[in-house]
Amino acid sequence: MTHNFLYNVYRLYADGFKHMRLGRVLWAIILIKLFVIFVILKLLFFPDVLKQKAHDGNPANYVAGELITR
């Protein structure tokens, strides 16, 4: 029963993507934008603060200390 349902869902999406023309281009643009947002921007603008600030190698102690002092 479950196998048949999953197969039908797969066939629905496979047939839909197979017959798309403009949709493929739009999906490619969406995937490129997601890659830029989550990979490139993360590397450039969001450094790993815990790795830089937790000098003793234990980020839990650093976070606890920051919560107490603030």
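Where in α2 is the kink of about 30° centred? The kink is centred on V36, where the bend at a residue is the angle between axes fitted to the seven residues ending there and the seven starting there. This is a predicted model, in which local features need pLDDT of at least 70 and side-chain atom pairs count only at pLDDT 80 or more, while totals for chains, interfaces and linings use all residues. Residues are numbered from 1 along each chain as its sequence is written, and side-chain values use heavy atoms, with hydrogens and water left out.

The protein chain has 4 helices and 0 strands. Helices (H or I, at least four residues) and strands (E, at least two) are DSSP runs, numbered from the N terminus. Read from the N terminus on, the elements follow the order α-α-α-α.

The overall form comes next. Along its principal axes, the C-alpha trace spans about 60 × 35 × 20 Å. The radius of gyration of the protein chain is 22 Å, whereas a compact globule of 70 residues would have a value near 11 Å. That radius is taken over C-alpha atoms, and the globule rule is 2.2 Å times the number of residues to the power 0.38. Of the 70 residues, 4% count as buried. Here buried means under 20% relative accessible area, exposed means over 50%, and partly exposed lies in between (1.4 Å probe, protein chains only). The chain exposes about 6,800 Å², and carbon and sulfur atoms supply 70% of this area. Accessible areas come from the Shrake-Rupley method with a 1.4 Å probe; for residues, only the protein chains shown count as cover.

Helix α1 covers residues 2-18. D15 and R11 are 4 residues apart in helix α1, so about one helical turn separates them. An α-helix has 3.6 residues a turn, so residues three or four places apart point the same way. D15 is partly exposed at a relative accessible area of 30%, and R11 is partly exposed at 28%.

The structure also holds 1 aromatic pair. F17 and W27 form this pair, which is edge-to-face, with 6.1 Å centre to centre and 65° between the planes. Because F17 lies in helix α1 and W27 in helix α2, the pair ties together parts that are 10 residues apart in sequence. Rings of Phe, Tyr and Trp (its six-membered ring) pair if their centres lie within 6.5 Å; planes under 30 degrees apart count as stacked, over 60 as edge-to-face and the rest as tilted. F17 is partly exposed at 37% relative accessibility, and W27 is partly exposed at 42%.

Helix α2 takes in residues 22-45, 24 residues in number, and reaches 33 Å from its first C-alpha to its last. This is close to the 34 Å expected at 1.5 Å a residue, the expected span being 1.5 Å times one less than the number of residues. K42 also belongs to helix α2 and is partly exposed, with a relative accessible area of 47%.

Beyond helix α2, P47 sits in the loop between α2 and α3. P47 is partly exposed at 48% relative accessibility. From P47 to V36 is 16 Å, C-alpha to C-alpha, and the two are 11 residues apart in sequence. Helix α3 spans residues 49-53 and includes K53, which is partly exposed at 43% relative accessibility. K53 and V63 are 10 residues apart along the chain, and their C-alpha atoms are separated by 9.6 Å.
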